[in-house]
Amino acid sequence: GYAREVIARLPAADLRVYPAHLHVNVAADYRGQGLGRALMAAFFDQCFMLKVSGVHLSTSDQNVAALGLYHVLGFKILARFCSPYKSTVSRKPVMTVLMGLRLDRLGI
C-alpha cells in the first residue's frame with residue numbers, strides 16, 4: 001500500500017495529451033546499433049495509424065544516451081522528480097525525467 005501511495009503522488013503525464021506509454025529496454029550488448037530507435041519508430045508508426053495524440057515515457061537523469069535519443073526524436077521534458085527507486089549501480093536515489101512527444105503536431 002505504501003509504494004502504491006508514493007507512486008500515486010508522483011508527477012504524471014496528462015493522458016488526454018499523451019495517452020500512450022513507451023517503455024524500451026535494449027540489452028547492453030546490442031546498444032548503439034540503432035535497435036532502440038527502430039523499435040521506437042515501429043511504435044510511432046502504430047500510434048500514427050491509430051491516431052494517438054502523444055506518447056510519454058520516463059527515464060533516469062543518469063541515462064544520458066537515452067535522454068539524447070529522446071531529445072533528437074523531439075521529446076520534451078514534462079517533469080523532473082526524485083524517484084522512489086534507487087540506482088541499481090550506486091544504490092542512491094536518482095532523478096526521474098518524465099518526457100512527452102506530441103504526435104498530433106509532428107505533421108507527418
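The face of helix 3 turned away from its buried side carries the exposed residues Val 64, Ala 65, His 71 and Val 72. Here exposed means over 50% relative accessible area, buried under 20% and partly exposed in between, with a 1.4 Å probe and protein chains only as cover. Helices (H or I, at least four residues) and strands (E, at least two) are DSSP runs, numbered from the N terminus.

On the buried side of helix 3 you will find Ala 66, Leu 67, Leu 69 and Tyr 70. Seen down the helix axis, these buried residues fall within an arc of 160 degrees, so they line one face of helix 3; the arc is that of the directions from the helix axis to the C-beta atoms. An α-helix has 3.6 residues a turn, so residues three or four places apart point the same way. The cover over the buried residues of helix 3 includes helix 2, strand 2 and strand 4. Just after helix 3 comes Gly 74, with a positive phi of about 105 degrees.

## About the model

This is a predicted model, in which local features need pLDDT of at least 70 and side-chain atom pairs count only at pLDDT 80 or more, while totals for chains, interfaces and linings use all residues. Residues are numbered from 1 along each chain as its sequence is written, and side-chain values use heavy atoms, leaving out hydrogens and water.

## The chain as a whole

The chain has three helices and four strands, running α-β-α-β-α-β-β from the N terminus on. Of its 108 residues, 31% count as buried. Among contacts (heavy atoms within 4.5 Å) with a separation of 6 or more, 65% are between residues 24 or more positions apart.

The chain exposes about 7,600 Å², and carbon and sulfur atoms supply 57% of that area. Accessible areas come from the Shrake-Rupley method with a 1.4 Å probe, and for residues only the protein chains shown count as cover.

## Two nonpolar cores

A nonpolar core is a set of buried Ala, Val, Leu, Ile, Met, Phe, Trp, Tyr and Cys residues joined through side-chain atoms within 4.5 Å. The largest one has 17 residues, of which Met 40, Phe 44, Val 55, Tyr 70, Phe 75 and Met 99 touch the most other members. Helix 2, strand 2 (54–60), helix 3 (64–73) and strand 4 (93–102) each give two or more residues to this core, and the largest share, four residues, comes from helix 3.

Leaving aside neighbours within four places in sequence, Met 99 is in contact with Val 55, His 56, Leu 57, Leu 67, Tyr 70, Phe 75, Lys 76, Ile 77 and Leu 78. A second, separate core of six residues includes Ala 13, Ala 79, Phe 81 and Leu 98.

## Surface details

Two salt bridges are found, each taken as a side-chain nitrogen of Lys or Arg within 4 Å of a carboxyl oxygen of Asp or Glu. One joins Asp 14 and Arg 16 (2.9 Å, N to O); Asp 14 is partly exposed at 31% relative accessible area, and Arg 16 is exposed at 72%. Another joins Arg 102 and Asp 104 (2.9 Å, N to O), with Arg 102 partly exposed at 22% and Asp 104 partly exposed at 43%.

Lys 51 sits in the loop between helix 2 and strand 2. Its phi is near 60 degrees, a positive value in a residue other than glycine, and at 73% relative accessibility Lys 51 counts as exposed.
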